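Student: Could you walk me through this structure with a few questions and answers?

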Amino acid sequence: MAQAKRSASAGYSRSSKAKLKKRSTSTSKSRTRLAAESLKWKPVHTSSFSGVDGGGGMMMLEELEDVGIEWEEDVGGRKVARFVASETKRKGKAKAAAEGSLSGDEVIDEGEADEGEEANEGGNELPEFTGIDAQDLNDEDEESIAESLGEVEDEPDFDDALLPDWKDINLHSSLKRAFLASGFVKPTEIQMRALPAAIAGRDVVGVAETGSGKTLSYSLPILSHLLRCPKPSPSSRRPLSGLILCPTRELALQVVEHLSAVLKHALAEGQGTKPSGPPRISVGSVVGGLSAQKQKRILDRGCDVLVATPGRLWDLIKADDELAASIRGLRFLVIDEADRMIENGHFAELENIVRLTQRAGATTQGPDDDDPVFAAMSTLLTEAAAKNDMQTFVFSATLSKDLQQNLKRTGRIGGKGKGKRSSTLEDLVDKLDFRDRNPEVIDLSPEGGVVATLRESIVECVVADKDLYLYYFLLRYPGRSLVFVGSIDGIRRLIPLFTLLQLPIFPLHSQLQQKQRLKNLDRFKSSKNGILIATDVAARGLDIPQVDHVIHFNLPRTADAYIHRSGRTARAKNQGFALQLCAPEEKGMQRALMKSLGRGHELPDLSIESGFLPALRERIRVARAIEKAEHHVTKSTHDRNWLIEAAEAMDLDIDPDMLSDAEDDPDLPFHKPNRGKKANKKVAVSGLKAELRQLLSEKLMARGVSAKYPTSGSKIIVDDLLRETGHATLLGAGTKKAYDEVGAAKGKRKRAAKSRSG
Ligand SMILES: Nc1ncnc2c1ncn2[C@@H]1O[C@H](COP(=O)(O)OP(=O)(O)OP(=O)(O)O)[C@@H](O)[C@H]1O
């Protein structure tokens, strides 16, 4: 029996060490070639990754049994793997070799297969079905499912006394069982308001603070509806019922994860038995940066709910009429983070997807109408009717009040294109063919934009000192911190610096490979004091448990961005803290930002224990010097290699003087210090590294603290040392959390103001 494995991250498995051998051409001719999409890939369970849990993670391996692999050369001479039907159940390559069916000189390491397949597959892959184990259908399963085909299952009994607050919301009882298991004892406010309307078939526009449970507000009605539908037929492609569009890949994957977690509990048998056959409800995802081929396979198999980013979904729709038709047959359309969706460069794709859901009388003009792909689709638009009972849900933490008002008044902005439209968001809403003449608009956005459990503070300093204050904050207030930086270059500068300072820091930005982005997010989630340094790609929707601090290293340009960034902490009624690092040149912008959030007062300053600053400044100075020197050596080596390679490519001999000239001339692109200089530089770098090691090993002490004589000095730390109650890294520093520190400062200021006025 031949067995092939593939990995989500690298096409066909890098992890398998088995070697595959090529069969002779004459044999291969007699074997049936199989399409990768038609094979029964089975998930191989691995550890969880990126929060996309067991059996569905990015690193998911899939395996095949009873197929052979043949290698053929394509016209370009590259080796390409082909799947062929297994003639006999081979017992492994040793036996096959003994039978003489493999030729010894054609042993191919599976590592090579990885690369070929990675090129084909585009890299990473995604869970096919999440939440529930995706199992391949076998004959037995098919029989058992066929028996129940078309049945609407009885809704299991649920004792409402267990969750009285959910009693009046008409959700499928299995979902209530899931709430019990997840500890969701009562609906959040937005859920309380949005769910009844959505379950009653209304269109809903929901605006509520960050971390308030909007994801379940729009997804529970979909899941409940599906659970009350007949079981899907195993023999035909599942009709797509729900489409959830999200602005970022991470957010889309997180929504899948969230739904899967609910479904896992909702569909648990309870008697310790695993449900057999395909999942009762399948949730698929389609996002950029991951394997399009596998995503297409998921779509071909069919899923009930699809969570997608618009760019990739539109790419797939363009090549698949059936998919386009299934978008027309949607029962639910969700636009999550609607206001962000229009900003991220995929507006045209989003608009095109939305246009597929319009009914005949509501069709609008689109940006791609002249595109032949869209023109070809126009037949579909006229032939296949969009569903009349489709429900539309639009959610965000920030949606302009004007827009909501307009929407409420007319059922759509500008009354199907009439009147003036003033923003792209209005444009989008105009394209949404709400079936409801009077969509339910629920606005629970808080006063001041941010949640009540968030405390904010500011450090005003010159730009050059931002690194120092960030370093101080991270040491002084351990915890999970998310640092927002205005540019990718800014992140690239800070990562090596803080890595040299030995902090657990991980980057997240759009120029990282998707696999790396998810890996870094996962590392951040699993590190108690982890630091994620990110652009606004992490600002929206991400629900990372227990983010203690959000630090605006550079201030965002808009109030909405500030609300969403800060909303990564203080979620689901937990406490959270946001810090602004503000340079004098940003002060005007900061004031405008606060004003547009309706703040009539200045933010409290973070109190700084300045005694620590000189030592921290010194560490930063040395770390920067190392970074600079290492960067220089790397660049010089790169330039020299470039010169050598260029000369080799042109078949030229390099004049050794040229190399040494190049090395000496700092203005030439291939300038490189001569050997002596290079050696000196290396010595200098290792000297600096030793110096930094020394600095990092020294205790950092507050003013007035003596490590040698802990019972003396103006700050006595002996009790803290004995009881281990003091600050872990800064001797003599306070141990209050940033949240409490600012709360205490606020209290003091209020009391002082009172006594002044009294
Ligand atoms: N009824 C509930 N009871 C307790 N926790 C809940 C409930 N509903 C949702 N949650 C939890 O609250 C957290 C935040 O939910 P969610 O991510 O949906 O917020 P959101 O409103 O979409 O936030 P954002 O605007 O930042 O996207 C999640 O961890 C979720 O599991």
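Tutor: Start with the domains: 17 residues of domain 1 are in contact with 15 residues of domain 2, where contact means C-beta atoms, placed from the backbone, within 7 Å. Keep in mind that this is a predicted model, with local features needing pLDDT of at least 70, side-chain atom pairs counting only at pLDDT 80 or more, and totals for chains, interfaces and linings using all residues. Residues are numbered from 1 along each chain as its sequence is written.

Student: Which helix gives the most to the side of domain 1 that touches domain 2?

Tutor: Helices here are DSSP runs (H or I, at least four residues), numbered from the N terminus. Both α8 (249–266) and α12 (338–341) supply at least two residues of that side. With four residues, the top giver is α8.

Student: How far apart are the end C-alpha atoms of helix α7?

Tutor: The expected span is 1.5 Å times one less than the number of residues. Helix α7 has 14 residues (214–227), so it should span 20 Å, and that agrees with its end C-alpha atoms, which are 20 Å apart.

Student: Where in α7 is there a kink of about 30°?

Tutor: A bend is the angle between axes fitted to the seven residues ending at a residue and the seven starting there. Look shortly before the proline P221 in α7: the kink is at L220.

Student: Which helix gives the most to the shell around the ligand?

Tutor: Among the 18 residues around the ligand, F184, T210, G213, K214 and T215 come nearest; being near takes a C-beta atom, placed from the backbone, within 6 Å. The biggest giver, with three residues, is α7.

Notes:
Two residues are in contact if their C-beta atoms, placed from the backbone, lie within 7 Å.
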